[in-house]
Amino acid sequence: MEFEDDAYVLSARAHGETGAIVELLTARHGKYVAHVAGGASRRMKPFLQAGARTILHYRARVSDQLGSAQLEPVGEGPSALFDDRMALAGLSAAAAVAAAALPEREPHPGVFLAFEALTSALMLPEIWPAVFVRFEAGLLQELGFGMDLSKCAATGEVDDLIYVSPRTGRAVSRKAGEPYKDRLLPLPPFMLSAQTGLAVGDVKAGLDLTAHFLELFVFGPINKPLPPARVWLVERLSEAERL
């Protein structure tokens with residue numbers, strides 16, 4: 001088995017004296033794990049940081065065994081964000097969420113494109129936290145657990161949608177949700193339209209929303225918590241009053 005694909009590094013850990021086991025999000029083949037010879041070297045380590053863009057050359061004798069990979073770095077990668085620790089935290093959190101949520105060897109091109117969009121947005125501190133929320137919402141959609149924010153679950157109305165049902169992930173209008181508002185999740189306007197500006201509290205509401213459904217549908221069933229990098233990101237954003 002052999003293929004070449006665009007990929008992002010999700011994680012890397014040392015293996016033996018000189019190698020590394022690298023987890024990658026590929027454009028056409030999904031999440032793959034491979035052994036990279038020399039991955040523990042000083043030369044290779046900068047290219048194996050979470051979020052680094054590469055061209056993956058993958059080879060395995062049989063399809064179900066751990067294969068080997070050669071990686072060609074593309075662009076600056078995470079090094080371009082070294083002066084922005086918050087953006088680096090966002091990149092690490094997105095990589096950790098994707099690594100923990102995605103099954104191996106199952107193509108999810110939409111997740112790759114969403115990750116790509118997030119990496120581009122990280123250079124824009126005013127908007128990337130909202131893009132991070134959209135990335136997680138897209139990940140849920142790709143895994144079959146997407147929220148339906150197109151109309152009110154109770155009335156079918158398409159206007160004044162301000163809540164989400166914590167059970168079904170469907171939007172609820174202000175009027176229909178009023179009697180149950182304490183049991184519903186807030187729906188920030190930016191998740192309905194890219195043209196909507198951000199108000200104080202919108203990003204936090206979005207992060208709480210995606211966290212709820214990631215825990216309910218993705219991590220809860222396999223008895224895993226949200227990745228620590230994701231928890232740490234939310235704490236840092238809160239401390240910096242970026243939510």
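1. Which helices and strands do the buried residues of α2 pack against? They pack against β1 (2–15), β2 (19–26), β4 (53–59), α1 (85–101) and α3 (128–142). The names come from DSSP runs, numbered from the N terminus: helices are H or I runs of at least four residues, and strands are E runs of at least two. Packing here rests on contact, meaning heavy atoms within 4.5 Å.

2. A word on the model before we go on. This is a predicted model, in which local features need pLDDT of at least 70 and side-chain atom pairs count only at pLDDT 80 or more, while totals for chains, interfaces and linings use all residues. Residues are numbered from 1 along each chain as its sequence is written, and side-chain values use heavy atoms, with hydrogens and water left out.

3. Let us stay with helix α2. The buried residues in α2 are V111, F112, A114, F115, L118 and A121. Buried means under 20% relative accessible area, exposed means over 50%, and partly exposed lies in between (1.4 Å probe, protein chains only). As background for reading such a list, an α-helix has 3.6 residues a turn, so residues three or four places apart point the same way.

4. The expected span of a helix is 1.5 Å times one less than its number of residues.

5. Now try helix α5 (residues 202–219). This helix has 18 residues and reaches 24 Å from its first C-alpha to its last, close to the 26 Å expected. Its buried residues include V203, L207, L209, F213, L214 and F219. Among the elements that cover the buried residues of α5 are α1, α3, β6, β8 (185–186) and α6 (228–239).

6. Next, the charged pairs. A search of the whole structure finds 11 salt bridges; a salt bridge is a side-chain nitrogen of Lys or Arg within 4 Å of a carboxyl oxygen of Asp or Glu. One of them joins R53 and D6, with the closest N and O atoms 4.0 Å apart. This pair links distant parts of the chain: R53 is in strand β4 and D6 in strand β1, 47 residues apart. D6 is partly exposed, at 29% relative accessible area.

7. Another salt bridge brings together the side chains of R174 and D160, at 2.9 Å from N to O. R174 lies in helix α4 (residues 174–177) and D160 in the loop between α3 and β6 (161–164), so the pair ties together parts that are 14 residues apart in sequence. R174 is partly exposed, with a relative accessible area of 42%, and D160 is partly exposed with a value of 42%.

8. E178 and K181 also form a salt bridge, their closest N and O atoms being 3.3 Å apart. E178 is partly exposed at 39% relative accessible area, and K181 is partly exposed at 39%. Salt bridges that share partners join D6, R53 and E116 into one network.

9. Is L81 buried or exposed? L81 is buried, with a relative accessible area of 6%, and it lies in the loop between β5 (67–73) and α1. Leaving aside neighbours within four places in sequence, L81 is in contact with A87, L88, L91, L122 and M123. The C-alpha atoms of L81 and L91 are separated by 9.4 Å, and these residues are 10 apart along the chain.

10. L124 sits in the loop between α2 and α3 and counts as partly exposed, at 41% relative accessibility.

11. Two backbone angles deserve a look. R105 has a positive phi of about 60 degrees although it is not a glycine; R105 lies in the loop between α1 and α2 and is partly exposed at 27%. E241 has a positive phi of about 55 degrees, and E241 is not a glycine either. E241 is found in the segment after α6 and is exposed, with a relative accessible area of 73%.

12. Finally, the record. An unreviewed UniProt entry carries the annotation "domain: DNA replication/recombination mediator RecO N-terminal" for residues 1–68. UniProt positions are given in the numbering used here, feature names are shortened, and annotations may be inferred rather than shown by experiment. In the model, residues 1–68 are 0% helix and 56% strand, with end C-alpha atoms 11 Å apart.
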